[in-house]
Every structure is written in structure tokens, then in C-alpha cells.
Amino acid sequence: MSTIEEHEQATAPAPGPSDDRRGWRRSRRRRIVAVGALVLVGAAIAVVVVNPFAGNGGNPGGLADNADPTSVTTVSQGDITSQTQVSGTLGYAGSYTVVNQQQGTITWLPAVGQIVTEGHVLYGVSEDPIVLLYGTTPAFRTLSEGATDSATSGPDVAELNYDLVALGYLTSADIAAEPSDFTAYTKAGVEELQAALGVPQNGVFTLGQVVFLPSAARITAVGQNAVIGGMAQPGSQILTASSTNRVVTIDLNPDQQGDVAVGDKVTITLPNGQNTTGTVTSVGKVATSSGGGNGNSSPTVTVLVTPDNPSAAGNLDQAPVQISITQGSAKNAFIVPVDALLPLSTGGYALEVIGAKGVHTLEPVNLGLFDDANEQVQVSGPGVHAGQRIVVPAT
């Protein structure tokens, strides 16, 4: 990367409360960088800058010939982590639509935010409980003993069998030989589930008595026309839900796509300022634009992060969070603020070092890892050592 500005543009976070301050500091650094570049025109590798305070009693902590005030810091030595900071939204994974297949009167509905798990009631029609089971194939027929021929067998019966095992009404041995068949074992398991639900135990689930969803359902909304006492029409949307799995969604600038990979560890800063960790679980391959109806939205790549400790997120939903994505680390590195870097006319960068008797020199450095979250950079070079006093813009 040829300039620090290009690095910042490639890794700049989404607009936030601190952007004005960062922009002010960066514009000031550009002016300081310009002064350094002029000093170096036609110069060799190392250049001595005359101490502007010699003989006038001035403060040796800064350069009087810069357009903006400066201050002094030191080169530190320690561990540095390369981080990219971006904005994200904390919510729940998945979006499910519950379609009703029963005819009758709606007699019970769950509350928004309620979590319904496998084997429990999603809603009620004419006092008939509609039960949630796990599966990716929706219910499309009555499930009863004898559904084994090629015209009726399929994944829905297998889903039912595996659910009955998970609920403890069957054993794995019961379905081992015929996992996709509705056998006498399946009928007995269905009867036990019906007993638990408090309905007649006939070993049959008619179409609409069972809803298959991929996971436990966290109710996010009730259908527009779904009200207790209203009519339940087959094919109508009665509920929407998400999974209970926490996820952070990041709309990443396509220029940063190469900076993120599945498995990267991240730090999630919650709205209350507390930090928790997470792992990148998905990185989109294609940039898409939400558009917003005006076509002005910039394309982004969707990145998903799974919190390592979901309970740390509490009940937050659609909450804005900040994500620091860790890309690499180095131990015992020499570390300076990014603002300390000055470009050399011959290429590369330098630090303005304050040496003996207040003499200022420009010491060329090689750049290593950037920690964008803390605005630091790893540097190295034959003349760099811990504790060196260097010039930086005043804060």
C-alpha cells in the first residue's frame, strides 16, 4: 500500500460519533506530512532538522515551524494486534414464516418475543394445538402409519422420526432400519406426543397439526390478520419467527473483503460499552446493494459473526455494535501512533526523532501490522528502539 491515506480509506469504519474528531486529526496530519515532504525534497536517507528552539529558550517538546502544534511521545515495545473496526447489527439468525394449514377459529397465539421449542405448541386453532417440530421440509400431507411407498415416503417422515427420538418418545434403534418410514414404532411415538399435548391419541397427524421449522422459534411478529377469535385460513401467514441463535451482521465495504476470513476472531463492543468476543462464520462472495428504492446505496458484502458467549448480548435485537476484526498479531514489536509517520520523497516512511541536545532527525522505518482500532502501527528499522522520543501532532 503506497500511502497511509489509502490504508485508512480501505479500513475506515462506518460513520459514528467519533468521526469528526478523527477527520480533524487526519487532516492535520496531512498538513504535517506535507511539511515533512518539503523538508525531504532532494534529500538523502537521513535528514537533520534544525532545532527551532536552540538559543531562544523555546519548548523543545514540539516543532515551531509546523503549521499546527505538535507534541512528543515515545516508541513503545510490546504486542500489537492488527484490527479493522467496522459497524454491525446484533440480532438473531434466520427468518421463518409459519403458514397455517388448518381451518377453524384461532384460539391461542404466542406473544412476540416468546420462544417455542420442539414438541411445544406454536398456536391453537379451534382448541387444537399446532405443534412445532424441527425439520427443513414443510409439512405437506397427513402423517400416518403406512406412508412408506415411493409416492408418499420422503424427508417429512424422517423428520418426524428423528424428532420423536429427540423428544424421548422413540429410541435410535426403533428407527434404525427404516428411518423414513412411518412404522408401528412411529405411531406409538406419535401417540405419546399426543398424550403430552392433551389431545386424542390416534397416532395420526393430519395436515396442519405439525409445523416443521429448522430450529426453536423466537416469535418476531403475528400475521396481519391473525387475531384470537379470527378465522384461520389454510395458506395464510400466521406467524413470523427467527432462530434463537445470536448473530452480528456486517455490511462490509467490498474493498475490505480481503481483510476478513471465516474463523477470524473479533471483539464486539455492545451499546453499553462492554466487550465480548465472537468468530466470523460467513463472508459473502458477491457485493449487493440494498438500494432503498433510490438506487443510491453503495454495494456491500455481508459478513456474519457469531458471539462466543451469546448470553452476553442479553435480549438486544437489531442493536448497533462495533466490531474489531483481528487479522494478525506480533510480539515484542516497536509500536508508534499512525500519526507519527511521515512520507519520504524517496519512498517509504520515517519518524521524526528527537535526539541528543534536541536535534531532530528523520529516521526511515518499515511498516508492519496496523491496529486501526487503536490507531497504532508496528515499525522497524536499524535506528529504531524502544523509548525513542518522536514528534506527533498535538491532541
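Colleague: How many bridges are there between β3 and β17, and in which sense do they pair?

Modeller: β3 (residues 76-92) and β17 (residues 319-337) pair in the antiparallel sense over 14 bridges. Two strands count as paired if DSSP finds at least two bridges between them. Strands are DSSP runs of E with at least two residues, helices are runs of H or I with at least four residues, and both are numbered from the N terminus.

Colleague: Where does this model come from, and what are the cut-offs?

Modeller: This is a predicted model, in which local features need pLDDT of at least 70, side-chain atom pairs count only at pLDDT 80 or more, and totals for chains, interfaces and linings use all residues. Residues are numbered from 1 along each chain as its sequence is written, and side-chain values use heavy atoms, with hydrogens and water left out.

Colleague: Back to the strands. Which residue of β17 stands opposite Gln77?

Modeller: Phe334. Phe334 also stands opposite Val379 in β21.

Colleague: How many bridges join β17 to β21?

Modeller: Four, and β17 and β21 (residues 376-380) run antiparallel. β14 (residues 265-269) also pairs with β17 in the antiparallel sense, over four bridges. There, Thr269 has Gln322 of β17 as its bridge partner.

Colleague: What is the strand order in the five-strand open sheet?

Modeller: β9-β8-β7-β5-β11, with mixed pairing. β9 (210-213) and β11 (231-232) are at the edges with a single partner strand each, so one side of each has no neighbour in the sheet.

Colleague: How many bridges join β5 to β11?

Modeller: Two, and β5 (residues 104-108) runs antiparallel to β11. Thr105 stands opposite Met231 of β11.

Colleague: And the four-strand open sheet, what order is that?

Modeller: β4-β12-β10-β6, with antiparallel pairing. The edge strands are β4 (96-99) and β6 (115-116); each has a single partner strand, so one side of each is left without a neighbour in the sheet. β4 pairs with β12 (residues 237-242) over four bridges, and Thr97 has Thr240 as its bridge partner in β12.

Colleague: Whole chain now. How many helices and strands?

Modeller: Five helices and 22 strands.

Colleague: What share of the residues is buried?

Modeller: 43% of the 395 residues. Buried means under 20% relative accessible area, exposed over 50%, and partly exposed in between, with a 1.4 Å probe and protein chains only.

Colleague: And which share of the contacts joins residues at least 24 apart?

Modeller: 69%, among contacts between residues at least 6 apart in sequence. A contact means heavy atoms within 4.5 Å.
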